[in-house]
Amino acid sequence: MEEAKMARKALIWSMVMGIALSFIVNHVYGDHSLVGQFSGSHYHDQIRKMQAFKDSFTQPSTAPSPSYTQQPQAAFSARVYHVTSYGADPTGKRDSTEALLRAISDAVQGSSEGLLMEGIKNLGGAQVNLEGGSYLISRPLRLPATGLGNLMIHGGTLRASDDFATDGYLIDLSASSTSNNNEENGGSSMGAQLSSSSSYNYEYITLKDLMLDSSYKGGGIAVRNSLRTSIDNCYIAHFSSNGILVQGGHETYIRNSFLGQHVTAGGDHGEKMFSGTAISLMGNDNAVTDVVIFSAAIGILVSGQANIISGVHCYNKATGFGGTGIYLKLPRLTQTRIVNSYLDYTGIVAEDPVQLHISNTFFLGDAYIVLKSINGVANGINIVDNMFCGSDKGVDIVQLDQSKGPFKDIKQVVIDRNNVKGMNIKATVARGSVNGVGNSWVVDFNRVLVFPNLISHVQYSLSSTSSQFPNHALRNVSNNRVQIQTSLNVSASVFVTVDQWVAN
């Protein structure tokens, strides 16, 4: 290293001396008219210039590189639209509705990168950047037309003003009323020009890193008849209707988000008054993953098919106060999976469940599952491998609501392998035993079996200590009781296993 430094210095000095020599020769021999003018002061001035030239080689430059020269911020760059450049107030003191809508309008006018679904314009990943600001809005933010896709709105806070409509949503992904009116009136505005022939309103819209404050004036986000929508890392509070509404469409994915009508961490004195629904799924094939719901009358309301709920923590409103963690309101066509979740003092209600799977979920504080009869159907139900923890008040982990009529069509129901502490275990598979001296033994399973007067299969064994071996048989199965009878009075123990499985 030292040798390299010395070589570099030698090279620089040789260059400097070469330049100096050229300078002297030029002045002495190149122009005889200047010889007499070559004064001492002029000589020293030239020497200083040469020294400065030398220093430029040996000292690092402090001038900024041209490639890092800062440019004034434009309204948008590389398809990222900054809302403050449109006049939005990031302090939340002034109404920013119009400015935000202008930014959204510009974002959707970008060139198309090809189609997504037929009739959906691909905006190429355009972004509306809220720049970490807090914005006051007085009406819903909607896209100016349908038939748009691959757009992101992210990075800030939206708050409803005092005059925000109580039936509105801060962000509303539904058909724009403006474009609808233009189409009806034969107008030629941008909304009408962009309107789509697709059967879906939007595809691949991402709402990310947002805090939404509905100010008790409506809802947070509405997604209507849209495809592959992503709601990620959002905090939605103070809604009076729904935190998130998904209506129609397919595949809205809600993940890593927090929702609550009131900002609390449990034990709120006003919990009895909580209202609204945090998430309403009125469509098919949606997913709610890794979401916390901390206050609402209903945590998740499901009235669409083939949805999955995973990693959800509901402590929205205790069952004792009339709350429900997850309400499945799609009689005879449930097709819902609830896995790896946490129902905290609030439970699950399923109306006429058909194809319902609940597993690996923790129920705390006497939280339980209700199968509610509407038309008396319970078909294809798995409630297995869950944990229940209560306070020794005699609460059953699975209960039947037959206030509108009994369950009559019961098939392929398995409720088993749940571990229970401080609550009453209920199952469709049960085991019992009895011992004594006599010729008749009865085992009562009503304490455990879920459905009344339903035993489909019985297995038993009889062990006798008497010298004689009696004949024995299953004598009676009724009212969830099993009777075993022997031909002789003997001292015996009887072990019985039953289940309520009914195949199609």
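Student: Is Asp209 buried, partly exposed or exposed?
Tutor: This is a predicted model, and in it Asp209 is partly exposed, with a relative accessible area of 33%.

Student: Where does Asp209 lie?
Tutor: Asp209 lies in strand E7. Its phi is positive, about 55°, although Asp209 is not a glycine.

Student: Why point that out?
Tutor: Because most residues other than glycine have a negative phi.

Student: What is phi like at Asp366?
Tutor: Positive there too: phi of Asp366 is near 65°, and Asp366 is a residue other than glycine. Asp366 sits in the loop between strand E21 (362–364) and strand E22 (369–372).

Student: Is Asp366 buried or exposed?
Tutor: Asp366 has 13% relative accessibility. The cut-off for buried is under 20%, so Asp366 counts as buried.

Student: Back to strand E7. Where is Glu203, and is Glu203 buried or exposed?
Tutor: Glu203 is in strand E7, residues 202–213. Glu203 is buried, with a relative accessible area of 5%.

Student: What does the side chain of Glu203 make a polar contact with?
Tutor: With the side chain of Arg228, at 3.0 Å. Leaving out residues up to four places away in sequence, Glu203 also touches several others, including Leu116, Met117 and Leu148.

Student: Where does Met117 lie?
Tutor: In the loop between helix H3 (97–107) and strand E3 (121–129). Met117 is partly exposed, with a relative accessible area of 33%. Together with Leu116 and Tyr204, Met117 makes a nonpolar surface patch of about 250 Å².

Student: What is a disulfide, anyway?
Tutor: A disulfide is a covalent bond between the sulfur atoms of two cysteines.

Student: Are Cys234 and Cys314 buried or exposed?
Tutor: Cys234 is buried, with a relative accessible area of 1%. Cys314 is buried as well, and its relative accessible area is 1%.

Student: Last one: where is Ile244, and is Ile244 buried or exposed?
Tutor: Ile244 is in strand E10, residues 242–260. Its relative accessibility is 0%, so Ile244 counts as buried.

Student: What does Ile244 touch?
Tutor: Not counting residues up to four places away in sequence, Ile244 touches Ile221, Ile231, Ile236, Ile254, Leu259, Ala278, Ile279 and Ser280.

Student: And how far apart are Ile244 and Ala222?
Tutor: They are 22 residues apart in sequence, and 5.9 Å apart in space from C-alpha to C-alpha.

How values were computed:
Residues are numbered from 1 along each chain as its sequence is written. This is a predicted model: local features need pLDDT of at least 70, side-chain atom pairs count only at pLDDT 80 or more; totals for chains, interfaces and linings use all residues. Side-chain values use heavy atoms; hydrogens and water are left out. Buried means under 20% relative accessible area, exposed over 50%, partly exposed in between (1.4 Å probe, protein chains only). Patches are made of residues with over 30% relative accessible area and no salt bridge: like charges are joined within 9 Å, nonpolar side chains (Val, Leu, Ile, Met, Phe, Trp, Tyr) within 5 Å. Accessible areas come from the Shrake-Rupley method with a 1.4 Å probe; for residues, only the protein chains shown count as cover. A salt bridge is a side-chain nitrogen of Lys or Arg within 4 Å of a carboxyl oxygen of Asp or Glu. Helices (H or I, at least four residues) and strands (E, at least two) are DSSP runs, numbered from the N terminus. Contact means heavy atoms within 4.5 Å. A polar contact is a pair of N or O atoms within 3.5 Å; within protein, one must be able to donate a hydrogen and the other to accept it, and residues adjacent in sequence count only if both atoms are side-chain atoms.
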